[in-house]
Amino acid sequence: MPNAASSPSAGSAYAPFKPKRGALVAKASALASIVVFTGLALSAPSGGEVGWSAPDRAMTVLLGLVLAGLLWRFASLRAAPSESGLRVTNLVHTRELDWASIVNVGYSGGSPWVVLELSDTEEVAVMAIQRSDGPYAAREAARLAALVAHHSRPQEGP
């Protein structure tokens, strides 16, 4: 009998996949962006021919906020598994995939993140599992592959 902790039906098997190192760097960079651009806007000289006007300062702060928003989006990458499929949230797109449509899980070539090969020959990046996370990423890729394998087996009837 399989161990409940290693079984795909265990609660931890369906925990969302999230990056570690990349998310930490992105969050720290987002906060630094706000501090640096706001500091620049407040400390820039004003008046005269080379001084900054209020709109210059506002646009500098706005640029820092936009950059921070983009970095924060990178920090929010995730893949959320469920009994019915996998919801992959990348930088721009979010995709809902049925388990049956996923054929293979792995690192395609030199890809920095896991790539899902789909039954229609399309590939979908799972940016939430990043190779730069080392052994943690390898464990998470194996967990995702185990979920795919578990859900691709024919389900036993009642």
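**Note on the predicted model**

1. The protein chain has an accessible surface of about 9,500 Å², and 64% of this belongs to carbon and sulfur atoms. Accessible areas are from the Shrake-Rupley method with a 1.4 Å probe, and for residues only the protein chains shown count as cover. This is a predicted model, in which local features need pLDDT of at least 70 and side-chain atom pairs count only at pLDDT 80 or more, while totals for chains, interfaces and linings use all residues. Residues are numbered from 1 along each chain as its sequence is written, and side-chain values use heavy atoms, with hydrogens and water left out.

2. The protein chain contains three helices and six strands, in the order α-α-β-β-β-β-β-β-α from the N terminus. Helices (H or I, at least four residues) and strands (E, at least two) are DSSP runs, numbered from the N terminus.

3. Of the 158 residues in the protein chain, 35% are buried (under 20% relative accessible area; exposed is over 50%, partly exposed in between; 1.4 Å probe, protein chains only). Among contacts in the protein chain with a separation of 6 or more, 48% are between residues 24 or more positions apart; a contact means heavy atoms within 4.5 Å.

4. Helix H1 (residues 21-43) and helix H2 (residues 54-75) have axes that come within 8 Å and cross at roughly 175 degrees. H1 and H2 are therefore roughly antiparallel to each other (over 145 degrees; under 35 counts as roughly parallel, 65 to 115 as roughly perpendicular and the rest as oblique). The contact of H1 with H2 involves 17 nonpolar, six polar and two charged residues. Here Ala, Val, Leu, Ile, Met, Phe, Trp, Tyr, Cys and Pro count as nonpolar, Asp, Glu, Lys and Arg as charged, and the others, Gly among them, as polar. Axes are lines fitted to C-alpha atoms, for helices over the stretch in contact, with angles from 0 to 180 degrees between N-to-C directions.

5. Three strands make an open sheet, ordered E1-E2-E3, with antiparallel pairing. Strands E1 (78-81) and E3 (94-98) are at the edges with a single partner strand each, so one side of each has no neighbour in the sheet. From one strand to the next, the twist averages 15 degrees. Four bridges join E1 and E2 (residues 85-89), and Pro-81 has Leu-86 of E2 as its bridge partner. Pairing requires at least two DSSP bridges between two strands.

6. Thr-121 is in the loop between strand E5 (113-118) and strand E6 (123-130). Its phi is near 70 degrees, a positive value in a residue other than glycine. Most residues other than glycine have a negative phi. Thr-121 counts as exposed, at 73% relative accessibility.
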